[in-house]
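Have the structure open and follow along.

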Amino acid sequence: MPLAMVEHNGLDIMCPNKYSNSSSSSSSSEQDKKIFSKLKISLSEDYPKKNAEFLSGQYGTNLLLIGAALMLAIANKNPSVKEEDLRSFTTCLMILQLLWMMWYILVRDRQKSVPPEKDVHATSGWIRGGLTLLALLSLIMDAFRIGQYVGFQPCVSAVLVVYPVIHATHTMAQVHFLWFHIKDVIKSFETFERFGVIHAVFTNILLWCSGVMSEAEHFLNNHKRRLSALGLINLTTEPQCNCTTSTCSMFATSLYYLYPFNIEYHIFVSVLLFVMWRNIGRTIDLTSNHKRQVAKNRGLILGPLVGLLALASSIGILVVYVTHVEKSIQMRRSAVSMFYIYAIVMLTVMCCAGASGLLIYRVNHMPLDTSKNPSRQLDTEVLFGSSIGSWFMSWCSIVSVLSTGSNPPYRWTNLVYSLFIVLEKYVQNLFIIESLYRQQEDRERQDPELPAAPEVFSVTSSLAPPYNGIINRTFESPDRSCVSTESEQEESEQVYGCPRKHSDVPAPVGNETVERPNIKRQILKNIAVFLIMCNISLWILSAFGCRPQYDNGLEEETYGFSIWSTVLNFAIPLNLFYRMHAVASLFEVFSRV
């Protein structure tokens, strides 16, 4: 019996002060319950979302690493891993993305009664139009690939013929998806959609890496052929499969000029899809989710003219460089020197233009736009990330120039060119980010702390009676919603239920507001257009064969052929992407100014 009582009251023996501290223990238990309930709510709300983001990110990263492992094995000429293996892997990824896009479109069609929220900042019409043009050139490239593989049909795998067919289908379906669904903010099946979108992102990144590898291999082979023609190296070609048609050489030459467009298409698509992935489950801020009306571009003369001059000059430099670099060593050196001098002049003018834009922003004190915008945030991150490639290449060139023992005629111009590459990207990135984060002027006028524009309810606002004295009470609602309704509906030129206020001030003809020309805005727009044309010019030079880093011999002497070619294969694709992304960002700057 005592043993039973001891067993029954075991907890009382372990806690002798239980009854004396009942109030404090009850309050602590209530606090523990509150903490547990808060923790439970936070886990139930945030944890699945973060968990899905983390898991989908790991899934996409591992897809990319698998493809990178295959590409490294192919680049090393490993006989156990062939190009067909990489093409089979990417074909399966494209088919999976096609299935996901079909599923998403079907589900969205069934939910027509509940239209999805839109992020108007995700993309714009001209970006989608530019991507459509790049996609069209990619389709032409697929057609040439099919023609080339058909000529080599007896000695190539059928996978190499199926790949361009699936890629063309994937391109057309993806362009349709980008046009009609890229702005969607997904709120249903969020976990599954995260995996679908991130699968599409890394599929395009892997296709971009594959295109970069093919383009780098093609350019490296051309570089070796040039050195062999100049007698600098002995190049032995391995026997290859013979083509059964007479158009194989034409297809191979055309593919070389279409590679850059296909590469830019895939990297731009991956950026847009990544913005869509970031928007999944996001709550849209309706106050900042609107597009600004495009103003008339007055005084836009100097920027386009100088930009077109730079573009025409770049095309001429490209033609001269490509034709002279394959001839004698002396002409090759003169071509490299010509490129460096021309690029230094262009980069100097670009630095001055960007610095002038920054100076205008410093003089005109405008507040920053701090609203949440995943597209704008990604633009800044991508600008910085893609700048690393050219910065690394430039600093390698600077070290090489300062440490080499040879003294070619372009040695110090290479040094100046490399320094200006670093400075130009630094200034241009600051100008773009400053422009994207500046608050637009129409929002500033809506700020209640700023002086409002004079109301035109009478001939002279200073002599007008108080506001309540000129409102007809019979048309005024108790909460004065008539006034707010009119002010909101005037933007769409529709007013219902409220009488128009007549004024003796003459109205503008054709419902157009007369604006005084803003000199600062005109200068910024001309700077943006000029920088757009210059970035396009530099992209054309590097994309179509004007790469003195291969031909000057200084960096190769310092680092060796294998190390320097590896650096170039990493840096040049990032530099090409930087130029095109800068063009897209500067278009956004042009529309915001």
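Ile 198 is found in helix α7, residues 190-229. Helices are DSSP runs of H or I with at least four residues, strands are runs of E with at least two, and both are numbered from the N terminus. Ile 198 counts as buried because its relative accessibility is 1%. The cut-offs behind that word are these: buried means under 20% relative accessible area, exposed means over 50%, and partly exposed is in between, with a 1.4 Å probe and protein chains only. Ile 198 also has Thr 61 to look for: the two are 137 residues apart along the chain, while their C-alpha atoms are separated by 9.2 Å.

Before going further, a word on what you are looking at. This is a predicted model, in which local features need pLDDT of at least 70 and side-chain atom pairs count only at pLDDT 80 or more, while totals for chains, interfaces and linings use all residues. Residues are numbered from 1 along each chain as its sequence is written, and side-chain values use heavy atoms, with hydrogens and water left out. The pLDDT is the predictor's confidence in each residue, from 0 to 100. The protein averages a pLDDT of 78, and 74% of the residues score at least 70. Over residues 41-45 the pLDDT is below 50, and this stretch has two contacts in the model beyond near neighbours in sequence. Another stretch, residues 443-515, also stays under 50; for this stretch the model has 47 contacts beyond four places in sequence.

Now for the overall picture. The protein has 18 helices and two strands. Of its 593 residues, 44% are buried. Among the contacts with a separation of 6 or more, 87% are between residues 24 or more positions apart.

Next, move to helix α5, which covers residues 125-151. Ala 135 has its place in this helix, and it counts as buried because its relative accessibility is 4%. Not counting residues up to four places away in sequence, Ala 135 touches Thr 171, Val 175 and Tyr 265. Ala 135 and Asn 262 are 127 residues apart in sequence, yet 7.3 Å apart in space, C-alpha to C-alpha. Gln 148 is in helix α5 too. With a relative accessible area of 16%, Gln 148 is buried. Beyond residues up to four places away in sequence, Gln 148 touches Cys 248, Phe 251, Ala 252 and Leu 255.

How do helices pack against one another? Two packed helices are described by the angle between their axes and the distance between the axes. Axes are lines fitted to C-alpha atoms, for helices over the stretch in contact, and angles run from 0 to 180 degrees between N-to-C directions. Helix α4 (residues 83-110) and helix α6 (residues 159-181) pack at an angle of about 30°, with their axes 9 Å apart. That makes α4 roughly parallel to α6, since angles under 35 degrees count as roughly parallel, over 145 as roughly antiparallel, 65 to 115 as roughly perpendicular and the rest as oblique.

A second pair is helix α8 (residues 248-279) with helix α18 (residues 561-592), whose axes come within 11 Å and cross at roughly 55°. α8 and α18 are therefore oblique to each other. Here Glu 264, Ile 267, Phe 268 and Val 271 in α8 meet Leu 576, Phe 577, Met 580, His 581 and Ala 584 in α18.

The last stop is Ser 400, found in helix α11, residues 374-403. At 0% relative accessibility, Ser 400 counts as buried. Leaving out residues up to four places away in sequence, Ser 400 touches Leu 554, Glu 555, Thr 558 and Tyr 559. Glu 556 lies in helix α17, residues 554-559, and its C-alpha atom is separated by 8.7 Å from that of Ser 400, 156 residues apart along the chain. Glu 556 is partly exposed, with a relative accessible area of 28%.

Technical notes. Contact = heavy atoms within 4.5 Å.
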